[in-house]
Amino acid sequence: MDYLIEIKAKQLLFKLASRKIECMAKKYQVHYHFIFVHADGKQLQEAVDILTKANVHPVYGDIFSLTQTKEAMDKVAKGRNKGKILLKIN
């Protein structure tokens, strides 16, 4: 029972936090879907299956070396990145 209350509370908090995103999506007439998952192998696999079926792929932005971490973080902080910023470790 406590577990279900915790899940509902987290979902409510996320809904409140994502209100700005929902308003922007409506303004630009775009759609997005949110999947609320736990660090659970079965549930994460279901999420992977849904994303694969929908042919969803991440958008990659710039790739920085590990020594360029500060520059990568600056770019993220300024909101000038398109897609995910990647750090190349080796």
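D62 and K75 form a salt bridge, with their closest N and O atoms 2.0 Å apart. A salt bridge here is a side-chain nitrogen of Lys or Arg within 4 Å of a carboxyl oxygen of Asp or Glu. The pair joins distant parts of the chain: D62 lies in strand β1 (residues 60-65) and K75 in helix α4 (residues 69-78), 13 residues apart. Helices (H or I, at least four residues) and strands (E, at least two) are DSSP runs, numbered from the N terminus.

The model is predicted: local features need pLDDT of at least 70, side-chain atom pairs count only at pLDDT 80 or more, and totals for chains, interfaces and linings use all residues. Residues are numbered from 1 along each chain as its sequence is written, and side-chain values use heavy atoms, with hydrogens and water left out.

**Salt bridges**

The salt bridge rule gives a count of 2. Side chains of opposite charge can pair when their charged atoms come close. Besides D62 with K75, there is a salt bridge between D74 and K70, whose closest N and O atoms are 3.1 Å apart. D74 and K70 are separated by about one helical turn, because they stand 4 residues apart in helix α4.

How exposed are the partners? Relative accessible area sorts residues into buried (under 20%), exposed (over 50%) and partly exposed (in between), using a 1.4 Å probe and protein chains only. D62 is partly exposed at 33%, and K75 is partly exposed at 23%. In the other pair, D74 is partly exposed at 32%, whereas K70 is exposed at 58%.

| Residue | Relative accessible area | Class |
|---|---|---|
| D62 | 33% | partly exposed |
| K75 | 23% | partly exposed |
| D74 | 32% | partly exposed |
| K70 | 58% | exposed |

**Overall form**

The protein chain has 4 helices and 2 strands. Read from the N terminus, the elements run α-α-α-β-α-β. The radius of gyration of the chain is 17 Å, well over the 12 Å that the globule rule gives for 90 residues, so the chain is more spread out than a compact globule. This radius is taken over C-alpha atoms, and the globule rule is 2.2 Å times the number of residues to the power 0.38. The C-alpha trace spans about 50 × 35 × 30 Å along its principal axes.

Buried residues make up 7% of the 90 residues. The chain exposes about 8,500 Å², of which carbon and sulfur atoms supply 62%; accessible areas come from the Shrake-Rupley method with a 1.4 Å probe, and for residues only the protein chains shown count as cover. Among contacts (heavy atoms within 4.5 Å) with a separation of 6 or more, residues 24 or more positions apart account for 23%.

The chain carries 16 positive and 9 negative side chains, and the centres of the two sets lie 10 Å apart. Lys and Arg count as positive and Asp and Glu as negative, while His and the chain ends are not counted. Each charge is placed at NZ of Lys, CZ of Arg, CG of Asp or CD of Glu.

K84 is in strand β2 (residues 84-88) and is exposed, with a relative accessible area of 53%. Which residues does K84 touch, not counting those up to four places away in sequence? They are V59, Y60, G61 and D62; D62 is also the salt bridge partner of K75. K84 and Y60 are 24 residues apart in sequence and 4.7 Å apart in space, C-alpha to C-alpha.

E71, in helix α4, is partly exposed at 42% relative accessibility. E71 and I7 are 64 residues apart in sequence and 37 Å apart in space, C-alpha to C-alpha.

**Positive phi in loops**

Most residues other than glycine have a negative phi. Q29 has a positive phi, near 55°. Q29 sits in the loop between α2 (19-27) and α3 (41-53) and is exposed at 70% relative accessibility. The phi of N55 is also positive, near 60°. N55 lies in the loop between α3 and β1 and is exposed, with a relative accessible area of 53%.
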